[in-house]
Amino acid sequence: PTLVPQVDADGNEIAGVRMPEIRVPLGNYTGWNYKFPGQMYAFTGAWFPFTKTKGGRERAHDPRPSVEERYSTRADYLMKVETATQAMIGEGFLLDIDRQRVLDHAAAEWDYVMAK
């Protein structure tokens with residue numbers, strides 16, 4: 001069997017350093033991917049974005065809250081990412097020079113999820 005880490009209610013791993021995209025998620029990330037009998041896959045990971053709306057979540061029978069249920073606006077989401085990023089800088093897990101790159105990545109990820 002393939003063993004995988006324990007996860008939180010969003011499906012994100014509990015252990016380890018929780019980067020801003022895990023602290024303020026738009027989906028769940030795995031360091032592994034599904035394997036079916038007879039198939040070989042590298043353990044490169046996968047990402048399963050949240051649905052945009054509560055209605056979409058209900059239609060998909062997705063137990064994870066949708067983006068609109070988590071964040072009121074794009075600005076609200078980015079403010080929460082900024083807060084998480086600043087916390088990680090304070091904890092010594094990120095450098096201040098990485099702050100803008102993290103925020104740019106978060107903004108691009110928001111745009112991708114909301115454009116689907």
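Which side-chain oxygen reaches to within 3.4 Å of the backbone nitrogen of A75 at the start of α4? The oxygen belongs to T73. The structure is a predicted model, in which local features need pLDDT of at least 70 and side-chain atom pairs count only at pLDDT 80 or more, while totals for chains, interfaces and linings use all residues. Residues are numbered from 1 along each chain as its sequence is written, and side-chain values use heavy atoms, with hydrogens and water left out.

The protein comprises 5 helices and 2 strands, where helices (H or I, at least four residues) and strands (E, at least two) are DSSP runs numbered from the N terminus. Read from the N terminus, the order of elements is α-β-β-α-α-α-α. Of the 116 residues in the protein, 34% are buried; buried means under 20% relative accessible area, exposed over 50%, and partly exposed in between, with a 1.4 Å probe and protein chains only.

Helix α4 covers residues 74-91. Just after α4, G92 adopts a positive phi of about 85°. Within the helix, D76, Y77, L78, V81, A84, T85 and M88 are buried. These buried residues pack against α1 (20-23), α3 (67-70) and α5 (99-115).

Two packed helices are described by the angle between their axes and the distance between the axes. For α4 and α5, the angle is about 150° and the axes lie 10 Å apart. Axes here are lines fitted to C-alpha atoms, for helices over the stretch in contact, and angles run from 0 to 180 degrees between N-to-C directions. Residues of α4 that meet α5 include Y77, L78 and V81, and among their partners in α5 are V102, L103 and W110.

Finally, D10 is located in the segment before α1. D10 counts as buried because its relative accessibility is 14%. Leaving aside neighbours within four places in sequence, D10 is in contact (heavy atoms within 4.5 Å) with P25, N28, F50, R64, P65 and R70.

Definitions and conventions:
The expected span of a helix is 1.5 Å times one less than its number of residues. A polar contact is a pair of N or O atoms within 3.5 Å; within protein, one must be able to donate a hydrogen and the other to accept it, and residues adjacent in sequence count only if both atoms are side-chain atoms.
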